[in-house]
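Biologist: I'm new to this one, and I'd like to learn how to read it. Could you take me through it step by step?

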Amino acid sequence: MATISRSEDLQGAELVLVNLRGARFVAADLSGAVMRGVDVQGADIDAPWLSEDGASLRVNGVEVAPLVDAELNRRFPGRSERRAESPEGLRAAWSAVERTWAATLARVAAMPPGTVDASVGGEWSFAQTLRHLVMATDTWLGRAVLRLEAPYHPLGQPNDEYASDGYDMSVFTTRVPSYDEVLEARADRVAMVRDFLAAATPELLEEPRAAAWDPDHRMSVRECLHAILNEEWEHHRFAVRDLDALAR
C-alpha cells in the first residue's frame, strides 16, 4: 500500500474518480473536507474531537455529531458527566470513570495471558493505553494545574508526535515495564485526581492556568479537569473496541 506522509500537503486538493477503497487515514486532517457522490459503504471513522462543543459532521445533510455523542453516552454510563461544572459534579464524574475502568480491568484479568500487550491494527495495547493515561494525568493535573517542576512519571506513554514536536523524551523509560508496574502507576495517578477533587472548591475551579500544549493560552482549572475526563473516556472507548476485537 502506498504511503502519503505528513510532508505532503494536500490541502485544497480535488480528488475526482479516485479509488480510495480500503485506504487508511491516520492522524489526518479532514476538517472541512467536502465529499460528493462518494461510496462510503463500510467506512469506519474514529474522530475523538467530534464530541467537543461546536463539532460538526454532516452526512446526507444530517448533522450527526450530537447523535454520535448521545449514542456514546448511552453505551458508556457516566460519560455524559465529563463536562460537569461544580466540585460535586466533577467528583461524581470521576467516580464514574473509576467504576468503568475497574470493570474493564476485571474483564482484562479474566482474558488470556498476553492480552494486555496485544495490539490491534497497530494501536496501543491495553497496557500502553493505561500508561498514556498516566501521562495525560501528569500533563493536565501535574503540569498544568499543580504546576509541578517534574510532573511526569517515567512509565508514562507520550503521543507519537511528542518527540517530533520537540518535547523531552528522556523523562520516560525506554524499557517495557511489567503490567503490575503499569497498574501501580495508574492507580497512583487515579488517586491523585481523586484527592485533588476531594479538596476542590468553586473558587479553585475558576483559577486560570497555562494550557498544557499552548502556554500562551489560558484555561481554567475546570477546563483542565475536563481534558482529563475526555482523555479517560476516549481511551476507554479505544480500549474496549480493541478488547472486543481480541475476544472475537
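Predicted model: local features only at pLDDT ≥ 70, side-chain atom pairs only at ≥ 80, totals over all residues.

Biologist: Is A43 buried or exposed?

Modeller: For that, you read the relative accessible area, and anything over 50% counts as exposed. A43 has 53%, so it is exposed.

Biologist: And E52, what does its relative accessible area make it?

Modeller: E52 also lies in the segment before strand 1. With a relative accessible area of 44%, E52 is partly exposed.

Biologist: How do I compare separation along the chain with separation in space?

Modeller: Pick two residues and look at both values. A43 and T115 are 72 residues apart along the chain, and their C-alpha atoms are separated by 27 Å. For E52 and P158, the sequence gap is 106 residues and the C-alpha to C-alpha separation is 22 Å.

Biologist: P158 makes me curious about its contacts. Which residues does H132 touch?

Modeller: Leaving out residues up to four places away in sequence, H132 touches W124, Q157, P158, N159, E231 and H235. With H235 there's a polar contact too, side chain to side chain, at 3.4 Å.

Biologist: Where is H132 found?

Modeller: In helix 3, which runs over residues 126–145. H132 has a relative accessible area of 3%, so it counts as buried.

Biologist: Now zoom out for me. How many helices and strands does the protein chain have?

Modeller: Six helices and four strands. Follow them along the sequence and you get β-β-α-α-α-α-α-β-β-α.

Biologist: What does the radius of gyration say about the protein chain?

Modeller: You compare it with what a compact globule of that length would have. For 248 residues that would be near 18 Å, and the protein chain has 19 Å, which agrees. Its C-alpha atoms fill a box of roughly 60 × 45 × 40 Å along the principal axes.

Biologist: What share of the residues counts as buried?

Modeller: Of the 248 residues, 37%.

Biologist: Last one: how far apart are the mean positions of the positive and negative charges?

Modeller: They're 4 Å apart, for 26 positive and 40 negative charges.

Technical notes: Residues numbered from 1 in each chain as written. Heavy atoms only, no water. Helix = DSSP H or I, 4+ residues; strand = E, 2+ residues; numbered from the N terminus. Rg over C-alpha atoms; globule rule 2.2 N^0.38 Å. Buried < 20%, exposed > 50% of the residue type's maximum accessible area, 1.4 Å probe, protein only. Lys, Arg positive; Asp, Glu negative; His and termini not counted. Charge placed at Lys NZ, Arg CZ, Asp CG, Glu CD. Polar contact = N/O pair within 3.5 Å; in protein donor to acceptor, adjacent residues only side chain to side chain. Contact = heavy atoms within 4.5 Å.
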